[in-house]
Amino acid sequence: MGDAAQALGVGPQVIDQVRETTSDLVISAMNFLGVPYRRGGESAETGFDCSGFTRHVFENSVGRLLPRRSRDQAMLGDLLTIAKDDLKPGDLVFFNTMRSAFSHVGIYVGEGKFIHAPRTGSHIRVDDMREAYWTQRFNGARRAPELAGNTTWRMPSLQGSALPPEGTSVNR
């Protein structure tokens with residue numbers, strides 16, 4: 001446990017709970033890979049748009065109800081503003097894709113990548129934020145206070161199904 005956490009009286013159980021919550025959120029998001037994009041969509045059965053996807057994942061994995069629109073999610077007062085260099089899995093990442101700030105949102109999954117519902121005719125997928133298209137359109141990032149303590153979770157492999165964090169044994 002870090003000195004800052006210790007100074008704030010945050011015990012190892014709290015740190016572990018935050019890490020577990022973050023990994024659950026990212027794994028939950030990965031479970032929707034391939035679900036079709038649908039404007040205004042809010043469910044896996046009918047499809048998601050970008051903000052419907054982030055809203056669904058956050059509500060069902062950490063119990064946080066986000067606003068319906070990406071711009072409103074970005075402006076939510078209790079979310080922490082995060083610098084691009086400080087991104088951690090589970091952070092909301094925002095882009096200007098329609099000549100309007102915060103017109104697109106996804107969930108950072110680690111290693112420069114994010115999961116999102118991109119556009120009509122597509123499906124939920126993972127893209128690299130370091131690609132020129134996304135780099136030029138990046139507007140900022142926000143972190144839910146519930147996820148603020150995560151420091152070490154790694155993105156699961158994108159080959160095959162989503163895997164649990166490193167060091168977790170899985171019986172197959």
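This is a dialogue on how to read a predicted model of one protein chain.

Visitor: What share of the residues counts as buried?

Guide: Burial is judged by relative accessible area, and buried means under 20%. Of the 172 residues in the chain, 45% are buried by that test.

Visitor: How do I read a nonpolar core, and which residues touch the most other members of the largest one?

Guide: A nonpolar core is a set of buried nonpolar residues joined through side-chain atoms. The largest one here has 28 residues, and those that touch the most other members are Leu25, Phe53, Phe58, Leu92, Ile107, Ile115 and Ile124. Two or more residues each come from helix H2 (12-30), H3, strand S4 (92-95) and S5. H3 gives the largest share, five residues. There is also a second, separate core of 10 residues, with Ile82, Val93, Trp134 and Ala141 among them.

Visitor: Take one member, Leu25. Why does Leu25 count as buried?

Guide: Leu25, which sits in helix H2, counts as buried because its relative accessibility is 0%, and the limit for buried is under 20%.

Visitor: Which residues is Leu25 in contact with, leaving aside its neighbours within four places in sequence?

Guide: With those neighbours set aside, the contacts of Leu25 are Val57, Phe58, Ser61, Val62, Gly90, Ile107 and Leu147. Ser61 shows how sequence and space can be compared. Leu25 and Ser61 are 36 residues apart along the chain, while their C-alpha atoms are 5.3 Å apart.

Visitor: Now the strands. How many bridges join S4 to S5?

Guide: For a pair of strands, read the number of bridges and the direction. S4 and S5 run antiparallel and are joined by four bridges.

Visitor: Why is S5 described as largely enclosed?

Guide: S5 is largely enclosed by the rest of the structure because seven of its seven residues are buried.

Visitor: What should I look for in the loops on either side of S5?

Guide: Look at the backbone angle phi and at burial together. In the loop between S4 and S5 lies Phe102, which has a positive phi of about 60° although it is not a glycine. Phe102 counts as buried, at 11% relative accessibility. In the loop between S5 and S6 lies Glu111, with a positive phi near 55° in a residue other than glycine. The hairpin of S5 and S6 has two residues between the strands.

Visitor: Is Glu111 buried, partly exposed or exposed?

Guide: Glu111 is partly exposed, because its relative accessible area is 41% and the partly exposed class lies between the buried limit of 20% and the exposed limit of 50%.

Visitor: Last, how do I read a pocket, and which residues lie nearest the centre of the largest one?

Guide: Read its volume, its lining and the classes of the lining residues. The largest pocket holds about 550 Å³ of space. Its lining has 23 residues, and Tyr37, Cys50, Ser70, Met98 and Ser103 lie nearest the centre. Helix H3 (50-62), helix H4 (70-75) and helix H5 (132-137) are the elements that give two or more residues to that lining. By class, the lining has eight nonpolar, eight polar and seven charged residues.

Notes. Residues numbered from 1 in each chain as written. Predicted model: local features only at pLDDT ≥ 70, side-chain atom pairs only at ≥ 80, totals over all residues. Heavy atoms only, no water. 1 Å grid on protein atoms, 1.4 Å probe; cavity = no way out; pocket = protein on both sides within 12 Å on 5 of 7 lines; lining within 4 Å. Points joined across faces, edges and corners; volume = space filled by probe spheres on them. Nonpolar A, V, L, I, M, F, W, Y, C, P; charged D, E, K, R; others polar. Core = buried A, V, L, I, M, F, W, Y, C linked by side-chain atoms within 4.5 Å. Buried < 20%, exposed > 50% of the residue type's maximum accessible area, 1.4 Å probe, protein only. Contact = heavy atoms within 4.5 Å. Pairing = 2+ DSSP bridges.
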